[in-house]
Amino acid sequence: MKKLIVIATLALSPVFSAQEMVNRPVQSYQTGQHQAKKKAFVDNLLSKMTLDEKIGQLNLPSSGDFTTGLAQSSDIGKKIEQGLVGGLFNIKGAEKIKAVQKVAVEKSRLKIPLIFGMDVIHGYETTFPIPLGLAASWDMNLVQQSARVAAREASADGINWTFSPMVDISREPRWGRVSEGSGEDPHLGSEIAKNMVYGYQGKDLSLSNTILACVKHFALYGAGEGGRDYNTVDMSHIRMFNEYFPPYKAAVDAGVASVMASFNEVDGVPATANKWLQTDVLRKMWGFKGFVVSDYTGINEMVDHGLGDLQQVSALALKAGVDMDMVGEGFLTTLKKSLQEGKITQSEIDMAARRILEAKYDLGLFDDPYRYGDAKLAAKEVYNMENRNIARNVAAQSMVLMKNDRQVLPLKKSGTVAVIGPLVNNSLNMAGTWSVATKHAVSVSLMKGLQDNFGKDVKFIAAKGANIDDNAKLEEIYAAHGKKTDRDNRPKEALLKEAVDVANKADVIVLAIGESAEMSGESSSRTEITIPQSQVDLLNELKKTGKPIAVVLFTGRPLALTNMKDIPDAILNVWFAGSEAGNAIADVLFGKVNPSGKLPMTFPRSIGQVPIYYNSKNTGRPLSQESVDKCVYERFRSNYMEECNTPLYPFGYGLSYTRFSYSGMTVSNSNPKGNQTVQASVTVTNSGNYDGAEVVQLYIRDMVGSITRPVKELKGFQKVYLKKGESKKITFDITPESLKFYNGELKYDWEPGEFDIMIGTNSEEVIHSKINWSK
């Protein structure tokens, strides 16, 4: 029997969360009794509202985080008093939020409370790994738990709405916002989407420690041409429904309360004005009952798209199904005129206002407008040690061991370790992008984490060695949003010499290189996705010392590491790990936690391969398997003259400090019929010397279809913990539901025929079995 071997070197048991997960909760706001009471309440309230007050509910300005004393006297405060604001975002702190809410419920005519939103993307003050890193954990318990902690902290501080999760599928690493999503795969993305929603919203939105989730960006934002942010998207409906829509639908099916429209166009119409997208698909096909908000000035930006002036585009957005206007105030300033001119209807305004009021009702704000935000509770709940420990564990589980030659990792708890690199002592960059509430100054840097946890046994010596980039102007761009890179203006040669001198005094080198926090994220597209040459030069100089080198890779995206991967002995991808980054990295480097992360996105060999992703389709002239394996060029085949077709690191890839072997794959029925269930099983053995965790992955290929089908698709995964020497039979249930796809008529169904069942440690290293399924 063929065996699949995963080679590594050492393991210690990871700590798994014992939190009970929310499984398909029946949320209180979805019950019939609640819906009837809500309808009666909102009907009555709408009957009392003026046209201006209804339009006001559709207005979502940014607060600018004004002080408590300005809550009433500011321009926004006056608008709130006049009933012209439905919600605010970018205001932080229980007392500030309470002061603003007081204006709404005590000074406005109808005393309608506000909702308060914030970009709580991967944690609140306790910050978890960037979403791409969180996805690398492949642990839905931890995914849900991270959102639950974020909701508890944010709600205690007055926030009741988060603009998360971002579920945009992307195969484009040049696009900086891959850091904010879950990678390239619709199945993994869907599982993460629903668990983030469950974590934020819990089982009952009226509880004061749950918050509204907002799935974004609807839709296709991750497929912008050239990887350039906000850029044009154009794709077939078959690709939309099969590859890009599933995570959005998963969030809707999980009961997500709100949806954010995307900046890009879909079928030639910006998503913010796309009625087919916002109404036909989202509401009619998927049954979404919540409200839709534009992205930041998304309505206004349609003027530049060429759809008309502000009045025209505002009317288009409302008619398409957008209920709330973020920042732009196009609704506030033009809808009344458009109604008078017959360009929109009263019922369209009423429906949008109804959806906003219903969300407030679901949150319990009409019963108690001050239920969110308690300074005493926030002092206990926000950034406490329990939450920080959870974040530390999640961060450690997200890290991906990409290389480990000569058993360099885990490090020995003795001797001298040289810790070198441009971010070694930088706490400001540890949380990564979209960390607006993070306490960056107290985030744990790499050096602090190493010293605090192992400084009694190990001598750590440090040097910067290089700047993030030799180009000072570029580095200034990278140091956005206050995340300074602490540029050293000494000559490059001096930095290198200092690093080499430090390395020569050590037994082993830990080299922290890669991106800084804001080299990925919104408006952070790159044409070159390599490590900057300044840092590669540093790696090359340190290699000359002959000392073992373990690279700690900071990144918010897949990087093309071909020019450096053969130089170090080990590569540990730590993404941007959050508040507890330094502690979590130390845990993994020294073997307190065995790395078990797997890549949620393919790492290319070079930029010329992009887009590259595991679930691609065959061409009519595929490369022979022998040529694929040997990286040989074949003329008149689909390949490159100077590069392999294969990635540098495939989707689902990740090593461990132990060894896992796969054997004995079986299927319970090789000729199933109709709605039968087939069980596909494999025995996984921890054949190394230490305990560890493995993500066992199930892929299926539909061999013949009415339309072309991918070479494989992820259909299931299980993260299993095995003690040294332990074996476990892992079983996946396969049903016709697992085989469904949208065909040429956009009908969601399965087709009988032959299927290749694959189970393995990543998308390339799998064991195969065939079944023939008839209807």
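This section describes helix packing, nonpolar cores, backbone geometry and selected side-chain contacts in a predicted model.

Two packed helices are described by the angle between their axes and the distance between the axes. For helix α6 (residues 140-156) and helix α7 (residues 186-201), the axes come within 7 Å and cross at roughly 35 degrees. The crossing of α6 over α7 is right-handed. On the α6 side, the contact is made by Met 140, Val 143, Gln 144, Ser 146, Ala 147, Arg 148, Ala 150 and Ala 151. These residues meet Leu 188, Glu 191, Ile 192, Asn 195, Met 196, Tyr 198, Gly 199 and Tyr 200 of α7. Classified by residue type, the contact of α6 with α7 comprises 10 nonpolar, four polar and two charged residues.

In soluble globular proteins, nonpolar side chains tend to be buried together. The largest nonpolar core of the model contains 124 residues. Within this core, the residues with the most contacts are Ile 80, Trp 161, Phe 218, Leu 220, Phe 245, Phe 291 and Val 293. Helix α6 gives the most to this core, contributing nine residues. The surroundings of Leu 220 were examined with residues up to four places away in sequence left out of the count. On this basis, Leu 220 touches Val 233, Met 235, Met 240, Tyr 244, Phe 245, Tyr 248 and Val 266, as well as Asp 168 and Asn 264. A second, separate core has 90 residues, among them Leu 132, Trp 175, Val 424 and Tyr 649.

Helix α10 (residues 275-285) has buried residues at Leu 277, Gln 278, Thr 279, Val 281, Leu 282 and Arg 283. The N-terminal end of α10 is capped by Asn 274, which has a side-chain oxygen 3.3 Å from the backbone nitrogen of Trp 276. Just after α10, Gly 287 adopts a positive phi of about 75 degrees.

Most residues other than glycine have a negative phi, and most peptide bonds are trans. The model contains a cis peptide bond between Lys 216 and His 217, with omega about -5 degrees. His 217 belongs to strand β6 (residues 214-218). Another cis peptide bond joins Phe 218 to Ala 219, where omega is about 5 degrees. Ala 219 lies in the loop between β6 and α8 (237-244). Phe 218 is also listed among the residues with the most contacts inside the largest nonpolar core.

Because its relative accessibility is 17%, Glu 329 counts as buried, the cut-off being under 20%. With a relative accessible area of 68%, His 481 is exposed.

Thr 658 is situated in the loop between α22 (625-630) and β18 (660-667). The relative accessible area of Thr 658 is 1%, and the residue is therefore buried. Its side chain makes a polar contact of 2.7 Å with the side chain of Asn 686.

Terms used
Residues are numbered from 1 along each chain as its sequence is written. This is a predicted model: local features need pLDDT of at least 70, side-chain atom pairs count only at pLDDT 80 or more; totals for chains, interfaces and linings use all residues. Side-chain values use heavy atoms; hydrogens and water are left out. Axes are lines fitted to C-alpha atoms, for helices over the stretch in contact, and angles run from 0 to 180 degrees between N-to-C directions. Helices (H or I, at least four residues) and strands (E, at least two) are DSSP runs, numbered from the N terminus. A crossing is left-handed if the near helix is turned anticlockwise from the far one by less than a right angle, and right-handed if clockwise. Contact means heavy atoms within 4.5 Å. Ala, Val, Leu, Ile, Met, Phe, Trp, Tyr, Cys and Pro count as nonpolar, Asp, Glu, Lys and Arg as charged, and the others, Gly among them, as polar. Buried means under 20% relative accessible area, exposed over 50%, partly exposed in between (1.4 Å probe, protein chains only). A polar contact is a pair of N or O atoms within 3.5 Å; within protein, one must be able to donate a hydrogen and the other to accept it, and residues adjacent in sequence count only if both atoms are side-chain atoms. A nonpolar core is a set of buried Ala, Val, Leu, Ile, Met, Phe, Trp, Tyr and Cys residues joined through side-chain atoms within 4.5 Å.
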